[in-house]
Amino acid sequence: MRTSTPTMVLASGLGLLLVLGGAVPASAQETVVNGIHGDAARGKKDYRRYCVGCHGPDGDGQGENAQWIDPKPRDFTAAVFKCRSTPTGTLPTDDDLFNAMSRGFVTTNMPQWLPLPKQTRVDLVAYIKTFSPRWKAQGAGTPITIPPETPATIESILHGRELFQKMECWKCHGPAGHGDGPSASTLTDSKDNPIRPYNFAAGVTRFMCGETNRDLYRIFMTGLDGSPMPSFVDNIKPEEAWDLVHFLRTLQPLDTPEAAVWKAWLPQHASELTPIGPPVGQ
Amino acid sequence: MRTKQLSSLALVALAAATTGAVSGPAPIMAGSITGTVTFTGTPPKMRPIDMAKEPTCASQHPTPVMTENVVTGPGNSVEYAVVYISAGDAGASPAPSTPVRYDQKGCQYVPHVLAFQTGQQLEVYNDDQTSHNIHPLATVNPEWNKSQPPGAPPIQASYTKPEFIAVKCNIHPWMHGYFAVMGTAHFATTANDGKFTISDVPPGKYTVTVWHEKFGTASQEVTVGATGAATANFVYKALPY
């Protein structure tokens, strides 16, 4: 604990506020990101400055802005998070929370908080973890093991396409990944708010939880908790998952290595492809 | 201690019952609570489910199935009400080692409401030709969401805290079900005739609670006496909306 006088005054004043607010426990689980330790008491001050307008003073996503924005701000009291490196049903790591906050959530009102100093962001992570008792009771999950990425060959892309068909991704994401599958229009999140699946073909090339192949891998191997997107970790082998990543890249309007391989192969072989979608005869 | 005697005698009764070798009448220490759950008034109408978006399921139902929020039976009985002891149990009961089974069949959850204990193994099966995602919307327990393609092995899970958990499939929005995770071994789900039996209840004073997804909860005090049998009936007031 710090011992300088102004900090002690601030801390005890905050301590009084926090006791009244019922937030920071005396021995909160440690928060560490890249060697930087988070201080929840300091984080609360920053939260009141940057976050409270949407996420609310009680961290339940009921800030005064919430009624006018869609999707709704995260409810930290529920401790259900979309962007994790950990399995579905478990809590994210400090790094996951730090990255989500820094990156922001494209297509939502959650901005990139990258301009805030690292210490501030880590303090905010520490404070956010005080909104739910689950952090102390269960702690963060264990990140899934991601094998090294396999080469983005045409065989990999074609196998990924088979997985896209077999795992029925097209039911929500549509046969070309346009977010227009048969189930897309009725999707609701866990709080019953309507929600749309990601449209791979749109100009928004960043995913909800990142932009790299590794981020994409994690999205379908851990699921986006609180949303309709499930985890496929029980059904897709880790090496195969890279094949699906490579195929998904071909659906996006980006100059990726995967798209280059696909575009080179397609003209001579397009007629060999069976269409994605419901089996013929339905 | 009296509690220990009751527990060990209840265990003997339970053991005798499960081995099927009960000689003579069951010991009076293993009482039971029986009853019926009914309603007065007019319940909401159930509606036919249109499964056109999933032809492999629609073909399994020549006449469309109805929604299952309120399932009633003869004599104004209420099906899928979960009746359980909410107070008075002497200590927690260990979870049975046998798993419970939840099926996704014809794009419906079977059974519509599945009651089981904390710590008990749950196995979710996909009997259909289509993928489902099994998404129990827990708030007290962790919420998870897993995809289950046809032919996949059963998904295994368990819960540590008592909770009534709504279950949905995001791919098929008409699918609704419930897990009733119980903190006690003394519970039962009503059948279509509204009847329930909670067995192996030692004599004592209990609070018995009924839960229904639409009608809500109600409780009453029940005393299981020396004769071992007690009755608890519940009557819900139904409204058409």
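Two strands are taken to pair if DSSP finds at least two bridges between them. Helices (H or I, at least four residues) and strands (E, at least two) are DSSP runs, numbered from the N terminus. The model is predicted: local features need pLDDT of at least 70, side-chain atom pairs count only at pLDDT 80 or more, and totals for chains, interfaces and linings use all residues. Residues are numbered from 1 along each chain as its sequence is written, while chains are lettered from A and ligands numbered from 1 in the order in which they are written.

**View 1. Strand β4 of chain B and its two partners.** Three bridges join β4(B) to β14(B), and the two run antiparallel. In this pair, Val83(B) stands opposite Ala188(B) of β14(B). β4(B) also pairs with β16(B), again antiparallel, through five bridges. Here Ala87(B) faces Thr207(B) of β16(B). A residue is buried if 20 or more other C-beta atoms lie within 10 Å of its own, exposed if 12 or fewer, and partly exposed in between, with C-beta atoms placed from the backbone. Five of the six residues of β4(B), which covers 82-87, are buried, so the strand is largely enclosed by the rest of the structure.

**View 2. The open four-stranded sheet of chain B.** The strand order is β14-β4-β16-β17, with antiparallel pairing. β14 (187-189) and β17 (216-224) of chain B stand at the edges with a single partner strand each, so one side of each is left without a neighbour in the sheet. From one strand to the next, the twist averages 25°. Axes for such angles are lines fitted to C-alpha atoms, for helices over the stretch in contact, and angles run from 0 to 180 degrees between N-to-C directions. Strands of a sheet pair through backbone hydrogen bonds, either parallel or antiparallel.

**View 3. The β16-β17 pair of chain B.** β16(B), residues 204-212, pairs with β17(B) in the antiparallel sense over nine bridges.

**View 4. The side of chain B that touches chain A.** Two residues are in contact if their C-beta atoms, placed from the backbone, lie within 7 Å. The contact takes 20 residues from chain B and 25 residues from chain A. On the chain B side, the elements that give two or more residues are β9 (132-137) and β10 (146-148). β9(B) supplies the largest share, three residues. By class, this side of chain B has nine nonpolar, eight polar and three charged residues. Ala, Val, Leu, Ile, Met, Phe, Trp, Tyr, Cys and Pro count as nonpolar, Asp, Glu, Lys and Arg as charged, and the others, Gly among them, as polar.

**View 5. Helix α7 of chain A.** At 1.5 Å a residue, the 13 residues of α7(A), 154-166, should span 18 Å; the end C-alpha atoms are 18 Å apart, which agrees. The expected span is 1.5 Å times one less than the number of residues. Ser156(A), Ile157(A), Gly160(A), Arg161(A), Leu163(A) and Phe164(A) are buried in this helix. Seen down the axis of α7(A), its buried residues fall within an arc of 160°, so they line one face of the helix. The arc is that of the directions from the helix axis to the C-beta atoms. Their cover includes α8 (170-173), α10 (238-250) and α11 (257-269) of chain A. Just after α7(A), Glu168(A) takes a positive phi of about 60°.

**View 6. Two cis peptide bonds.** In chain A, a cis bond joins Asp70(A) and Pro71(A), with omega about 0°. Pro71(A) sits in the loop between α3 (52-55) and α4 (94-103) of chain A. In chain B, the bond from Val110(B) to Pro111(B) is cis, with omega near -5°. Pro111(B) belongs to the loop between β6 (108-110) and β7 (113-117) of chain B.

View 7. Asn76(B), a residue other than glycine, has phi near 55°. Asn76(B) lies in the loop between β2 (72-73) and β3 (77-78) of chain B. Asn76(B) is partly exposed, with 17 other C-beta atoms within 10 Å. Asp200(B), also not a glycine, has a positive phi of about 55°. Asp200(B) lies in strand β15(B), residues 195-201. With 17 C-beta neighbours inside 10 Å, Asp200(B) counts as partly exposed.
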